[in-house]
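Keep the structure open while reading.

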Amino acid sequence: MKNCEYQQIDPQALPTPTPTPPPHHGNDRDEKEQPRRPRRKWEVFPGKNRFFCQGRIIVARQSGVLPLTLGLILVTSGLFFIFDCPFLVRHLTSCIPVVGGVLFIFVVITLLQTSFTDPGILPRATPDEAADIEKQIDNTGNTSYRPPPRTKEVLINQQVVKLKYCFTCKMFRPPRTSHCSLCDNCVERFDHHCPWVGNCVGKRNYRFFYTFIVSLSFLTAFIFGCVTTHLALRAQGGKGLVFALQESPGSAVELVICFFSVWSILGLSGFHTYLVASNLTTNEDIKGSWSGKSGEDVTNPYSHRNIFVNCCSVLCGPMPPSLIDRRGFLPTDESAQTGSADIEVPALAAKSEINVVGGSSQLTIGLQEPFSHAPTPSQLPPNLFLNLTEALLLAVALTQSAAWC
Amino acid sequence: MAETHSLQDLQQPAVSSKVFIQRDYSSGTICKFQTKFPSELESRIGKQPFEETIQTLNNLYAEAEKLGGKSYLEGCLACLTAYTIFLCMETHYEKVLKKIARYIKDQNEKVYAPRGLLLTDPIERGLRVVEITIFEDRSIGSGR
């Protein structure tokens with residue numbers, strides 16, 4: 001009687017994989033295939049993000065047009081320094097490349113920071129938390145078979161705000177938080193997902209984004225002005241614009257790029273300055289959350305009613321920490337909870353295992369999103385090699401996902 | 001069967017349940033937890049020590065997120081350096097988080113562990129909840 005209970009305490013004593021519950025089976029295979037190395041949390045992160053430099057850099061899975069943005073900025077600035085600066089230094093002042101250089105550095109640094117910083121991703125609820133919330137929701141007497149979208153009302157500064165339940169992250173979203181479908185994460189103070197920077201813009205990187213677009217509008221306007229001056233100076237004396245363009249072909253490229261982008265970037269800067277001054281997000285502005293369109297007397301409960309204070313709080317406020325702790329180590333006893341996501345890692349070990357683990361990893365993704373992606377046998381890859389243990393895994397996973405539904 | 005459990009007890013106390021203290025959004029998006037005393041803890045700890053802990057945590061988070069001269073100075077300096085100082089300097093918020101971690105460890109040792117409870121630092125739960133783990137109340141002397 002005593003012997004059968006202690007398999008849980010000491011899984012290392014098991015010589016071969018036996019039909020034991022999945023987390024322990026995962027641990028066995030982990031220890032057999034590769035020496036147990038402590039894994040970091042970014043390796044099992046459930047959202048659609050990519051990580052570089054051992055979790056220090058985070059980007060969205062689709063980098064959008066970030067390479068294009070960076071390329072345009074580098075090309076335009078490069079042409080400016082090569083073609084326009086020498087002429088303008090000779091004829092005007094040597095401050096021009098200095099100012100241009102400072103603006104360029106600002107733009108590139110803030111762009112990279114916007115793209116590579118965690119925008120304020122909220123980690124998903126642990127299974128215990130999710131169960132607790134479900135229990136509380138059930139207690140409020142909802143008896144229909146398919147419950148309606150779950151909302152909770154809170155009073156913020158005498159304003160009623162509805163908090164929605166996020167089915168993916170299994171929690172009630174804090175105010176101003178929105179779930180980005182591209183990144184598959186709930187982001188605090190969600191502004192928008194910007195394809196130009198290839199990342200969401202949220203609480204933690206809004207100030208970088210704002211500095212980026214403001215400095216970019218200054219840079220674009222500055223280059224546009226300098227190129228126009230350069231061409232005007234060259235075309236003096238009746239030589240004509242065509243002659244000037246022939247002498248400095250790079251300037252033509254810059255002119256075109258700057259002319260088309262300055263209006264939209266200036267417009268965007270102006271729009272975001274308005275948002276900062278009224279402590280609004282793009283998301284709220286688009287939805288008209290606080291504009292009183294529905295006839296109710298609604299005001300923005302987050303505004304400090306003072307433009308200066310609003311600006312300071314958004315741009316100069318304390319920098320919140322990253323909540324997802326990318327470089328933290330997974331505690332070994334909790335690695336069973338984070339799922340069967342652990343089963344993905346031993347896929348590197350042997351080729352024969354990869355098909356099996358590939359199937360399991362599809363199951364694990366299904367486990368985390370039961371409402372939208374319940375796994376069915378038809379979704380499993382055709383080359384899935386089902387032996388006794390994997391059949392057991394499949395049965396357990398399907399039972400668990402059915403329980404979540 | 002009772003002997004088996006008490007042997008496990010000496011290695012690792014069994015978790016009976018977990019209580020989650022949710023966030024209080026009445027003052028906006030600042031980090032603040034509800035001070036309402038959960039009924040599951042009634043048998044373990046008094047209302048007063050619990051409320052004191054939560055209130056102290058709320059005050060510490062308010063200190064971290066305070067908009068004042070110091071935070072504005074830090075923000076302006078960061079803006080002027082294109083936010084590169086964040087790479088080398090520890091922010092005020094991070095300093096207060098360390099203070100909070102020390103406070104929670106201290107509270108666990110002094111107040112909660114003797115009552116078979118364990119506070120989890122909210123930062124490990126994404127600042128969503130204060131998780132209090134309730135361990136099974138088994139008298140230690142009944143082992144073997």
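At what angle do the axes of helix 6 of chain A and helix 8 of chain A cross? They cross at roughly 145° and come within 8 Å. The model is predicted.

**Helix 6 with helix 8, chain A**
- The crossing of helix 6 of chain A and helix 8 of chain A is left-handed.
- By class, their contact has 20 nonpolar, nine polar and one charged residues.

**Helix 4 with helix 6, chain A**
- Helix 4 of chain A covers residues 95–116, and helix 6 of chain A covers residues 206–234.
- Their axes come within 8 Å and cross at roughly 150°.
- Angles over 145 degrees count as roughly antiparallel, so helix 4 of chain A is roughly antiparallel to helix 6 of chain A.
- The handedness of this crossing is left-handed.
- On the helix 4 side of chain A, the contact residues include Ile96(A), Val99(A), Leu103(A), Phe104(A), Phe106(A) and Val107(A).
- On the helix 6 side of chain A, they include Phe208(A), Phe209(A), Phe212(A), Phe218(A) and Phe222(A).
- Thr110(A), Gln113(A) and Thr114(A) of helix 4 are also among the residues in this contact, as are Thr211(A) and Ser215(A) of helix 6.
- The class count for helix 4 of chain A with helix 6 of chain A is 15 nonpolar, six polar and no charged residues.

**Helix 3 with helix 8, chain A**
- Helix 3 of chain A spans residues 66–91, and helix 8 of chain A spans residues 249–277.
- The two axes come within 9 Å, with a crossing angle of roughly 140°.
- Helix 3 of chain A and helix 8 of chain A are therefore oblique to each other.
- The crossing of helix 3 of chain A and helix 8 of chain A is left-handed.
- Helix 3 of chain A brings Leu72(A), Thr76(A), Leu79(A), Phe80(A), Phe83(A) and Asp84(A) to the contact.
- Helix 8 of chain A meets them with residues including Pro249(A), Val253(A), Glu254(A), Ile257(A) and Cys258(A).
- By class, this contact has eight nonpolar, three polar and two charged residues.

**Cavities**
- The structure holds three cavities of 30 Å³ or more.
- The largest cavity has about 110 Å³ of space.
- Its lining comprises 17 residues.
- Glu188(A), Lys203(A), Pro320(A), Leu323(A) and Leu127(B) lie nearest the centre of the largest cavity.
- By class, the lining of the largest cavity has eight nonpolar, three polar and six charged residues.

Conventions:
Residues numbered from 1 in each chain as written. Chains lettered and ligands numbered in written order. Predicted model: local features only at pLDDT ≥ 70, side-chain atom pairs only at ≥ 80, totals over all residues. Heavy atoms only, no water. Axes fitted to C-alpha atoms, helices over the stretch in contact; angles between N-to-C directions. Helix = DSSP H or I, 4+ residues; strand = E, 2+ residues; numbered from the N terminus. Parallel < 35°, antiparallel > 145°, perpendicular 65-115°, else oblique. Left-handed = near helix turned anticlockwise from the far one by under 90°. Contact = heavy atoms within 4.5 Å. Nonpolar A, V, L, I, M, F, W, Y, C, P; charged D, E, K, R; others polar. 1 Å grid on protein atoms, 1.4 Å probe; cavity = no way out; pocket = protein on both sides within 12 Å on 5 of 7 lines; lining within 4 Å. Points joined across faces, edges and corners; volume = space filled by probe spheres on them.
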